[in-house]
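Student: I have a structure open and would like to go through it with you. Could we start from the inside and work outwards?
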Amino acid sequence: MATRMDDLADVRVFVYRRFAETGDPPAPEEVAAQFGIGLDETLAALRLLHDSNLLVLDAERRGVIMAHPWSAVPLGFVVAGEKVKWWGGCAWDSFAIPALVGQKCLVATHCPGCGRALAVDVCPDEPTTAELVAHFLVPVARMWDDVRFACSHQSLFCSEEHVGRWLRETRYPRGVLLDMHTLWLLATRWYEGRLTREYRRRTPDEARAFFRELGLVGPFWDNAPAPPGPSGGERWGLPRTEPALLARSDPSLLSPEARTAPRPASP
Ligand SMILES: [Zn+2]
C-alpha cells in the first residue's frame, strides 16, 4: 500500500513531522510500525520519495539523512528552538525552520570567509534584520546533482567582502548574494505548507515564477534543465565574471497588507 501516492504523502508527512518534533528522522523500522507495513514496502516508499527529491536517503538508500529543510547530519548550521535543536541543511533551510515550527529560533553557523561564529534570531513572522549576507554557490538547475554539496555551500557571511575572500581562497565561481530580508522571504515562503499532506513540489514554471516574484532573476535562478557542465572554473555554467548582485527585495513585500494578501498558489 505504501507506494500509492496518497500513502506516500502520509509517509512523507510522518518523516517531516518527526524531524520537526524531535530533530531526528524516524528509522525505517519506525515508519513500518507506524503504518503497519513490512520493511521492504517501507524502503520502497522511502526510495520513491528520495527519487522524487522529497527527502534524501543515505548511500545505502535506507536511512533518511535530509528532509528539507531538516538534516540528520551536520552541514554547518544549528537551529535552536524553544525545546528542540535541529541541524539546518543550509542558510536557506535554517531560515525556513522557524516559520514551519511557529517559533523564534536561534540560527548559528560560521562565516566561511573568516571563521567567525555568527548567530541570528529568526522569527516566523518577521524578517531578520541582521547585517549579514548569504551566498549560494550552486545554481538552482544543478542543486539536486549533489544536494548535499549544494546545501553545504549555501552559507551566511559577515559581509560581501568576506564572500569575496572565501571565493578567492576556494577558487569557486561566484554564485549569488542575498541580504537577510530576501533570504527570510525566500525561505519562509518556499517551504510554506511543507508539513501538510497537500504539499507538492513546485513545477519548474511555478518555481521560476516564485523566484521572479522575489526579484530573483538571472541565470542562477533559471531552473531550466541544463546540460551537465564542465568541471573546473566554469562548472555549473556560470562564468567567473558573472556579476554578483546583492539581491535586495522590494520593501513593499514587507508591508502588513503584502504579508496578509493572498499569495499566488504555492504548494
Ligand atoms: Zn566573516
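Student: Which residues touch the most other members in the largest nonpolar core?

Tutor: Bearing in mind that this is a predicted model, the core in question has 64 residues, and those that touch the most other members are Phe95, Ala96, Leu183 and Ala187.

Student: And which element gives this core its largest share?

Tutor: That is H4, which contributes eight residues; as for domains, the core takes at least three residues from domain 1 (5-67) and at least three from domain 2 (110-256).

Student: How do the axes of H4 and H7 cross?

Tutor: The axes of H4, which covers residues 91-101, and H7 come within 8 Å of each other and cross at roughly 65°, and the crossing is right-handed. On the H4 side the contact is made by Ala91, Trp92, Phe95, Ala96 and Ala99, while H7 supplies Leu183, Trp184, Leu186, Ala187, Thr188 and Trp190.

Student: Is H7 mostly covered or mostly open?

Tutor: H7, residues 180-190, is mostly covered, with nine of its 11 residues buried; among them are Met180, Thr182, Leu185 and Trp190.

Student: New topic, backbone angles. What is the phi of Asn53, and where does Asn53 lie?

Tutor: Phi of Asn53 is near 60°, a positive value in a residue that is not glycine, and Asn53 lies in the loop between helix H3 (39-51) and strand E1 (56-57). For context, most residues other than glycine have a negative phi.

Student: Why does Asn53 count as exposed?

Tutor: Asn53 counts as exposed because it has 12 C-beta neighbours inside 10 Å, and the cut-off for exposed is 12 or fewer.

Student: What about Arg61, is that one buried or exposed?

Tutor: Arg61 is exposed, since 11 other C-beta atoms lie within 10 Å. Arg61 is placed in the loop between E1 and E2, and it has a positive phi of about 55° although it is not a glycine.

Key
Residues are numbered from 1 along each chain as its sequence is written. This is a predicted model: local features need pLDDT of at least 70, side-chain atom pairs count only at pLDDT 80 or more; totals for chains, interfaces and linings use all residues. A residue is buried if 20 or more other C-beta atoms lie within 10 Å of its own, exposed if 12 or fewer, and partly exposed in between; C-beta atoms are placed from the backbone. Helices (H or I, at least four residues) and strands (E, at least two) are DSSP runs, numbered from the N terminus. Axes are lines fitted to C-alpha atoms, for helices over the stretch in contact, and angles run from 0 to 180 degrees between N-to-C directions. A crossing is left-handed if the near helix is turned anticlockwise from the far one by less than a right angle, and right-handed if clockwise. Two residues are in contact if their C-beta atoms, placed from the backbone, lie within 7 Å. A nonpolar core is a set of buried Ala, Val, Leu, Ile, Met, Phe, Trp, Tyr and Cys residues joined through C-beta atoms within 7 Å. Domain bounds come from an automatic or database domain assignment.
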